[in-house]
Amino acid sequence: ITNDLRYRTGIPSSVIMEYGKGKIGLITFNLGKNYFKWNHFVIRDFLSDMVNRLWEDPIIQADGSHLVHITLNTQGDRLLINLINTSGNHANPDILGLDEIPSVGPLNVSVRYKKKPASLRLQPSNKKITFNYENGILTFKIPELELYSIVEIR
């Protein structure tokens with residue numbers, strides 16, 4: 001499987017191959033250098049496509065913004081979803097600081113989860129989140145992500 005984003009070299013920009021019981025992916029150019037140079041959504045789409053091809057059944061998916069990093073953690077019996085707003089011109093070496101970071105959202109989130117949870121809360125505000133649970137998939141909406149929030153699933 002190759003990705004169609006190409007430079008004028010004629011070499012595919014990425015390749016995914018079967019390897020043992022899984023897959024391995026190769027990006028054939030310096031993605032980081034090009035992202036810092038152009039900071040363009042096409043590069044984010046390219047990387048997102050690559051990740052989606054490698055993980056065909058991810059635990060979590062979020063739609064609504066390219067500018068959110070997501071990490072999963074567990075603490076006891078709780079699943080914690082960390083949502084980090086990465087908007088702002090961080091890659092520009094001429095900017096010493098940001099006056100503000102614009103909010104992003106709404107975010108539509110789906111999570112593969114073993115059973116219907118008792119509750120979802122947005123931390124640190126401890127705000128209750130309305131959710132749906134069907135066929136092992138938990139879905140909910142985060143109307144706005146300012147800087148950083150945690151979705152706590154119990």
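This is a predicted model: local features need pLDDT of at least 70, side-chain atom pairs count only at pLDDT 80 or more; totals for chains, interfaces and linings use all residues.
Local features are reported at pLDDT of at least 70 and side-chain atom pairs only at pLDDT 80 or more, while totals for chains, interfaces and linings use all residues. Residues are numbered from 1 along each chain as its sequence is written, and side-chain values use heavy atoms, with hydrogens and water left out.

The structure holds 5 salt bridges, a salt bridge being a side-chain nitrogen of Lys or Arg within 4 Å of a carboxyl oxygen of Asp or Glu. One of them joins D49 to R53, with the closest N and O atoms 2.9 Å apart. These two residues lie 4 residues apart in helix α2 (residues 41-54), so about one helical turn separates them; helices (H or I, at least four residues) and strands (E, at least two) are DSSP runs numbered from the N terminus. D49 has a relative accessible area of 27% and is partly exposed, and R53 is likewise partly exposed, at 28%, where buried means under 20% relative accessible area, exposed over 50% and partly exposed in between (1.4 Å probe, protein chains only).

Another salt bridge brings together the side chains of E152 and R78, at 2.4 Å from N to O. This pair links distant parts of the chain, since E152 belongs to strand β11 (residues 148-153) and R78 to strand β5 (residues 78-85), 74 residues apart. E152 is buried, with a relative accessible area of 5%, and R78 is buried as well, at 17%.

E152 also forms a salt bridge with R154, the closest N and O atoms being 3.2 Å apart, and R154 counts as partly exposed at 43% relative accessibility.
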